[in-house]
2 protein chains.
Amino acid sequence: MLRLIENLFTRRSFLATAIIISGLAAAPLSAFAQQDPLPSWNEGAAKKAIIELVGQTTTQGGSGFVVPADRIAVFDQDGTTWAEHPLYSQALFALDRVATLAPQHPEWKNAEPFKSVLAGDYAAISKFSEKEWLEIVAVTHAGMSTADFEQIVRDWLPKSKNPILKRPVTELVYQPMLEVMAYLRANGFSTYIVTGGGQEFVRPYSDGVYGIPAEQVIGSSIVTKYEFKDGKPVLMREPKLFFNDNFDGKAIGINLFIGKRPIIAFGNSDGDRQMLEWTTAGDGPRLGLLVLHDDAAREFAYGPANGLPDTEVGTFSQSLMEEAKARTWEVISMKNDWATIFPKPKP
Amino acid sequence: MLRLIENLFTRRSFLATAIIISGLAAAPLSAFAQQDPLPSWNEGAAKKAIIELVGQTTTQGGSGFVVPADRIAVFDQDGTTWAEHPLYSQALFALDRVATLAPQHPEWKNAEPFKSVLAGDYAAISKFSEKEWLEIVAVTHAGMSTADFEQIVRDWLPKSKNPILKRPVTELVYQPMLEVMAYLRANGFSTYIVTGGGQEFVRPYSDGVYGIPAEQVIGSSIVTKYEFKDGKPVLMREPKLFFNDNFDGKAIGINLFIGKRPIIAFGNSDGDRQMLEWTTAGDGPRLGLLVLHDDAAREFAYGPANGLPDTEVGTFSQSLMEEAKARTWEVISMKNDWATIFPKPKP
């Protein structure tokens, strides 16, 4: 199925090579680590702002000092800490999962939305309505226990493959963001993922990929139901949305799960707007940053803020760009601010 | 208003004196702290089980070893870490708040449930339906921003007074539980409150009272709505339940907020049953403990498990007692297991 998705993106298939080269060409990080906490960042306003914020909030006696317990950093995931094109990784998971389950569901061959998924009709998939996605989520994300779902995700991850970048999704994290997370943690910050994606989809890999434990992953969730099976309690995943951690849901989710206002927030799309508003409206030093996907050579370039068509995956609108300017949020140009994008592929 | 509640409980007013005496009579803890991590606990099965569990889970190379990141301890609050009789502290807060707001609501004098609250008619209050409590919650817990609610709770706490024990609610914590929390944290455990009470009610004092930060408080919550006021974002509290962290909700909440199965769980009532089931169904060493309120002299004695009438505040049913025996959960007798109940009153 993914082969057909790939075919629709062959115009970008040169990227895989470019990324491998850029990854191999990246200087070893250890040599710079002590001098420069963010070696994959070019000198510029974004890097400067991050380092200044850390300096202000960690200087004892300074006016911007923040106790470690209140040093909260939040990161959107898709498009902010890892690649989100051509489709969110969780959507790739769902489509793969439909293919895996298809033999048990012969009726899917003739029933939408499954028919289009199984036929690899990406043109149709890209136009799925929310109702159609929910039908896919219902069969791929619900109807099993939380433990079974975790195992399904764990099994899928090493087999996953971004159809354009040709690497497992967990390798398509942004090296500069891994450095920021490590830098913040080394300075007493707690780092949280705050994603519109599924909380229980992210948790199985968040620690290994980002060094972020399960309890610091905030995301969207579906209803779970407490039941007994074979004398043991299980939490069954129901096909019903519980919490939508996107747009205003990100500010609500931060308050619900953390109960503290972040000091620094990283996003990349309109879904992160309220998270950055909520973060930067606090007293004292605060910083909001938005990743702009403007690097067609090394990753992707998309979105109205770039003067490109809206792809509906990770929209960074003109109005968000205007708000970023008005509120002095930093816009991170992947092209100009990042010396390296992806970590080296694992041998 | 609370004066009348007190009058209904004069049969227990001798307790205040008894508690002050027991508090003053308690030996200084520091002398024993290095030898005995739980000096307010008498030797017995419960204390032994806690110390054994910590030994097993922290012994490198042992079969029960658990990495620190997975050492999760969960504590119910009402009746487990602080007194819950004659009424939950949050209910005392709500009743006080109705009295505070009454001058702005002259119509309450003739409208239930407010009429009974303002008349101090505790007999009527004790029979309030869930709908009537929700009406009280709506005016006392909603219709303001999260920041304003936090300030209201902070302002109330030092003025609060348990009508029988005659001390601010935050002083009516159980010294043995404070010791367990400190002991677990000293051994690499993360300690969480998992309460049926309001998450945002507990957070303003959880750090000061228990050493538990806001992000480790899991509780019931109401819907919040993201709005702009005077150019700044606020989260407005709506009179609508979002999450009921009680009974099965406690297992669901632990999975939702932590995403890891606890190693040890403390409760005291039927609302904690699923939390203990969920905790102790895990592999490796796990421990569930239930506080039994059997000490009429120093605190309270209530509940069917004691052969006493069900007070509907912190029910520990016969069926929970049977399950505790079947699953080898420890039952903590306040009378026999705890040498001290409350910390000394602050001077």
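Hi everyone, let me start with a lining: around the largest cavity, the residues divide into four nonpolar, four polar and no charged. Before I go on, please keep in mind that this is a predicted model.

So which residues are we talking about? The largest cavity is lined by N268(B), V291(B), L292(B), H293(B), Y302(B), N306(B), G314(B) and F316(B). The space inside comes to about 30 Å³, and a search of the whole structure turns up one cavity of 30 Å³ or more.

Let's stay with one of those lining residues, V291(B). You'll find V291(B) in strand β6 of chain B, residues 287-292. Is V291(B) buried or exposed? Its relative accessible area is 0%, so V291(B) counts as buried. Setting aside neighbours within four places in sequence, V291(B) has contacts that include G79(B), T80(B), M177(B), I332(B), M334(B) and W338(B). Two of the other lining residues, N268(B) and F316(B), are also in contact with V291(B).

Now over to the interface. Here 33 residues of chain A are in contact with 32 residues of chain B. The two chains bury about 2900 Å² between them, with 58% of it on carbon and sulfur atoms.

How many salt bridges are there between chain A and chain B? The count is two. In one that I'd like to show you, E215(A) pairs with K260(B), and the closest N and O atoms are 2.8 Å apart. This pair crosses between chains, running from the loop between α11 and β3 of chain A to the loop between α12 and β5 of chain B. Both E215(A) and K260(B) are buried.

First up, the side chains of K47(B) and D36(B) meet at 2.8 Å, N to O. K47(B) lies in helix α4 and D36(B) in the loop between α3 and α4, so the pair ties together parts that are 11 residues apart in sequence. K47(B) is buried at 2% relative accessible area, and D36(B), at 18%, counts as buried because the cut-off is under 20%.

My other pick is R237(B) with E200(B), at 3.7 Å, N to O. Here strand β4, which holds R237(B), is tied to helix α11, which holds E200(B), and those parts are 37 residues apart in sequence. Over in chain A, salt bridges that share partners join D36(A), E43(A) and K47(A) into one network.

Technical notes. Residues are numbered from 1 along each chain as its sequence is written. Chains are lettered from A and ligands numbered from 1 in the order in which they are written. This is a predicted model: local features need pLDDT of at least 70, side-chain atom pairs count only at pLDDT 80 or more; totals for chains, interfaces and linings use all residues. Side-chain values use heavy atoms; hydrogens and water are left out. On a 1 Å grid over the protein atoms alone, a cavity is a set of points where a 1.4 Å probe fits but cannot get out, and a pocket is an open set with protein on both sides within 12 Å along at least five of seven lines; lining residues have an atom within 4 Å of a point. Grid points are joined across faces, edges and corners, and a volume is the space filled by probe spheres set on the points. Ala, Val, Leu, Ile, Met, Phe, Trp, Tyr, Cys and Pro count as nonpolar, Asp, Glu, Lys and Arg as charged, and the others, Gly among them, as polar. Helices (H or I, at least four residues) and strands (E, at least two) are DSSP runs, numbered from the N terminus. Buried means under 20% relative accessible area, exposed over 50%, partly exposed in between (1.4 Å probe, protein chains only). Contact means heavy atoms within 4.5 Å. Buried area is the accessible area (1.4 Å probe) that two parts lose on being put together, summed over both. A salt bridge is a side-chain nitrogen of Lys or Arg within 4 Å of a carboxyl oxygen of Asp or Glu.
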